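Here is a short briefing on one protein model. Look at the sequence and the 3D view, then work through the points below.

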Amino acid sequence: MMRLFEEYREFIPDFDSFLESLERPLPNHLRVNRLKTSPASVIALLQNKGIFLKPAYIGNDTLYEAPRDLLPGRLLEYFLGYIHPQALTSCVASLFLAPRANSTVLDLCAAPGGKTSHVAQLMANTGIIVANELHLRRHAPLSHTLSRLGVLNAVLTAYPAQEFPLRESFDFVMADVPCSGEGRWRFSRGPYSTAESKYRTAMVEAQKKMILRGFDLLRKEGTMVYSTCTYNPEENEKVVDFLLGHRDAELVPLDNVPGIEPGIPRWRKENFDGRVRGAGRFYPHRIDSVGFFMAKICRRG
Ligand SMILES: C[S@@+](CC[C@H](N)C(=O)[O-])C[C@H]1O[C@@H](n2cnc3c(N)ncnc32)[C@H](O)[C@@H]1O
């Protein structure tokens, strides 16, 4: 593990605490599904079973931490679609996107549907979400999530995100792209590709195409969130830098968020567009969850 993450020592603050945090088990985070119930009802239902929830993220009343030994997927409340087990940082991406009611949303890489269903919740099942997932084998878990949680405003498509047709444009785009997944270390320990592998190079090329396509699908004044669950700057700031170099995009700084660290403007002697500092990095010793990167991008009016 040390060898895998050692090269990030230069930019991850308090690196030794970061390494220690990777050894701790992931907390059990839940999102209460407001499409079907309310936080107060779920808290009461679970309390009756001796399960006590703690609020998990300042300023949001639907994200909770459950006891570590709880298996939420075995609860009746799970099957009824009242709760969805989801990493806290994954929920933060949809909160950053902040889709409006009655708007149009494209989720470019949707399965298994954690963010699609959260976006539907934030829109109170209004408007329309196009939930795109290339791999048909992943449409079953995606459909299952959406139907269990009572999502009624989503349709499924199966295009490669980087070639999603330009026929329509959207108010909001969620680009939660495939990545090397280093941030999921506490969840499933590797193996991960090395930074130099051909696999990773091909993935970065795909990520660049996806961010460009996502941006081109935005309406004027539309908003996109680009996110990964990895620490590698090649898949994060460098991809955002590529967008900023090729399109007239605006980065909305993600500051004043508990536990967030700024994007890094330089990696391996390469300087990125200084605006990438406005992106957000989440590390497990700062926010007790999966490691994440997010950038909020706007298309000018
Ligand atoms: C990080 S996961 C998305 C997680 C999802 N947003 C959620 O919150 O539950 C990335 C997804 O992209 C899919 N994918 C991989 N390559 C793709 C492509 N070229 N176009 C669209 N989806 C792709 C993967 O199968 C995977 O389901």
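By class, the residues around the ligand are 12 nonpolar, five polar and four charged. Keep in mind that this is a predicted model.

**The ligand and its surroundings**
- The ligand is surrounded by 21 residues.
- The closest are G114, E133, R138, A161 and D176.
- In E133, a polar side-chain atom lies 2.7 Å from an oxygen atom of the ligand.
- D176 has a side-chain N or O atom 2.7 Å from a nitrogen atom of the ligand.
- C109 uses its backbone: an N or O atom there lies 3.0 Å from a nitrogen atom of the ligand.
- On its own, the ligand has 600 Å² of accessible area, and the protein covers 85% of that.

**Strand 9 and its partners**
- Strand 9 spans residues 218-228.
- Eight of its 11 residues are buried, so strand 9 is largely enclosed by the rest of the structure.
- Strand 8 (residues 170-176) runs parallel to strand 9, and six bridges join the two.
- Strand 15 (residues 292-299) pairs with strand 9 in the antiparallel sense, over six bridges.
- Here T228 has F293 of strand 15 as its bridge partner.

**N232 in the loop**
- N232 sits in the loop between strand 9 and helix 9 (237-246).
- Is N232 buried or exposed? N232 is buried, because its relative accessible area is 1%, and buried means under 20%.
- Leaving out residues up to four places away in sequence, N232 touches Y8, E182, R200, W267 and R281.

Definitions and conventions. Residues are numbered from 1 along each chain as its sequence is written. This is a predicted model: local features need pLDDT of at least 70, side-chain atom pairs count only at pLDDT 80 or more; totals for chains, interfaces and linings use all residues. Side-chain values use heavy atoms; hydrogens and water are left out. A residue is near a molecule or strand if one of its heavy atoms lies within 4 Å of it. A polar contact is a pair of N or O atoms within 3.5 Å; within protein, one must be able to donate a hydrogen and the other to accept it, and residues adjacent in sequence count only if both atoms are side-chain atoms. Accessible areas come from the Shrake-Rupley method with a 1.4 Å probe; for residues, only the protein chains shown count as cover. Ala, Val, Leu, Ile, Met, Phe, Trp, Tyr, Cys and Pro count as nonpolar, Asp, Glu, Lys and Arg as charged, and the others, Gly among them, as polar. Helices (H or I, at least four residues) and strands (E, at least two) are DSSP runs, numbered from the N terminus. Buried means under 20% relative accessible area, exposed over 50%, partly exposed in between (1.4 Å probe, protein chains only). Contact means heavy atoms within 4.5 Å. Two strands pair if DSSP finds at least two bridges between them.
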